[in-house]
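Thanks for coming. Please look at the sequence and the model first.

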Amino acid sequence: MQDITGLIHHPYVPPEGFEAPQPGVFKASTVFFPNVAAMRAREWKDKSAYTYGLHGTPTTYVLEERLCALEGGQQCLLVPSGLAAIALVSLSLLKAGDEVLIPDNAYAPNKSLAAAELAQWGIGHRFYNPMDAADLAEKISPATQLVWLEVPGSVTLEFPDLPALAGLCRDKGVTTALDNTWGAGLAFKPFACGVDISIHALTKYPSGGGDVLMGSVVTTDEALHLRLKLTHMRLGLGVGANDVEAVLRALPSIALRYRAQDQACRLLAAWLQTQPEVAQVLHPAVPGSPGHENWQRLCAPGHAESSESATEVVALEGGSPKVSQAGLAASLLSIVFKPEFASAQVDAFCDALQLFRIGYSWAGPISLVVPYELSALRSMPSPGVAQGGLVRLAIGLEAVQDLQADVAQALKAMRA
Ligand SMILES: *Cc1c(COP(=O)(O)O)cnc(C)c1O
């Protein structure tokens, strides 16, 4: 045997039994079979074996199982982004003549997918007001094969009555899929609310680094999972082992990061309410933010009067106690500025921020800001949301006093 062949077909096999804090990273397109009979017999759908890298490796199986534990589900599929998770669900469950219902305040690319891609395949869509269960009930028709749910809404963070919406779909026999990126499996348990599918942009908290794109589709019903898995296989969706490794490495600290970022965000939410430029702070733990009571019921049960417990934390200088300290919430808030601030001044506020960087996504180490034009995002009015320029802040892992000082200087720059 020549040297080059010997390097490729080397006989050494390391001893078994290696154990260390992080699971091994297995990479493969090809997976070997011991013989043809094994190749023909091998089952790839139930994680009992391996057939091809796209259909699973020890590394992807481990992440899938851990995500099932996080979300309280039974089966999990990994896809290359959160948006791919949304697309997989809609493409798998909908066919020509069907209709999908999407919250009007949903993550905007979910709406674009329906309007620009699903429509090409003869699949209809309608938007509903997630704060009005009667609106959803009225829009469900015999053609409705899928209802998307999102908690809270994108940008404006209205918190719907998730168990009620999921329950009414269940009563009508319609499959529900929840975009659970905000709750991350930590703020509440999605399947206890009666949803059928929970998708998660692992890009956010599970990665925590702002450096990985990945999504998951978690279910509790084997038949539903198999239907999604077959579409997943036919579409050729897969994820890279290095990205899976990055998520596996970040997952043990997800609850600590979620809580720390949540606390910093609520301190800023309380302080921002006292600032004269601010008309409204949108955050589900802020009393008066749309759906605050729904958030309290789902994410802070037993704390109906929890705004009293604000004294448990050290408020930022000048902060008000008008934010509940109970339960859990993701570290996103939106500021609506008073109407006298023109959009150029709102842009100037964003530009003046130093620690907050201008960029999409959230739940990474660096705080982010994005200005939004609400009229371009919505087909319905947003009751309970003040009129005015709107920016969304995503709170990272910096010291909250430094973030407060940064926002304070940017508010000053906006007035100038
Ligand atoms: C970021 C996000 C997505 C999409 O995730 P990507 O990995 O960026 O494609 C979907 N839904 C919500 C609510 C998100 O915040």
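Start at A201, which stands opposite G215 in β7. That pair belongs to a stretch where strand β6 (residues 197-201) and strand β7 (residues 215-219) run antiparallel, joined by five bridges. Two strands count as paired if DSSP finds at least two bridges between them. Helices (H or I, at least four residues) and strands (E, at least two) are DSSP runs, numbered from the N terminus.

Before going on, a word on the source. This is a predicted model, in which local features need pLDDT of at least 70 and side-chain atom pairs count only at pLDDT 80 or more, while totals for chains, interfaces and linings use all residues. Residues are numbered from 1 along each chain as its sequence is written, and side-chain values use heavy atoms, with hydrogens and water left out.

Back to the sheet. Seven strands make it up, in the order β1-β7-β6-β5-β4-β2-β3, and it is open with mixed pairing. At its edges are β1 (75-79) and β3 (124-128), each of which pairs on one side only. From one strand to the next the twist averages 20 degrees. Helix α3 (residues 58-71) lies across β1, β6 and β7, at about 120 degrees to β1. For angles, axes are lines fitted to C-alpha atoms, for helices over the stretch in contact, and the angle runs from 0 to 180 degrees between N-to-C directions. Contact means heavy atoms within 4.5 Å.

Two backbone details come next. Most residues other than glycine have a negative phi, and most peptide bonds are trans. K47 is not a glycine, yet has a positive phi of about 65 degrees; K47 sits in the loop between α2 (36-41) and α3. V151 and P152 are joined by a cis peptide bond, with omega about -15 degrees. P152 is in the loop between β4 (144-150) and α7 (162-171).

Now the other sheet. Five strands form it, again open and mixed, in the order β8-β9-β12-β11-β10. Which strands are at the edges? They are β8 (278-282) and β10 (357-358), each pairing on one side only. β8 runs antiparallel to strand β9 (residues 332-337), with four bridges between them, and V278 has F337 as its bridge partner in β9.

Helix α10 lies across β8, β9 and β12 (390-394), at about 15 degrees to β9. Helix α10 (residues 254-272) also packs against helix α14 (residues 400-415), at an angle of about 35 degrees and with axes 10 Å apart. On the α10 side the contact includes W271, and on the α14 side it includes Q404. By class, the α10 contact with α14 has 10 nonpolar, one polar and no charged residues. Here Ala, Val, Leu, Ile, Met, Phe, Trp, Tyr, Cys and Pro count as nonpolar, Asp, Glu, Lys and Arg as charged, and the others, Gly among them, as polar.

Last, the domains. The assignment gives domain 1 (14-253) and domain 2 (254-415), with bounds that come from an automatic or database domain assignment. Their centres, taken over C-alpha atoms, are 28 Å apart. The contact takes 41 residues from domain 1 and 38 residues from domain 2. About 3,100 Å² is buried between them, 65% of it from carbon and sulfur atoms. Buried area is the accessible area (1.4 Å probe) that two parts lose on being put together, summed over both. On the domain 1 side, V155, W182 and Y205 supply 26% of the area buried against domain 2, more than any other three residues.
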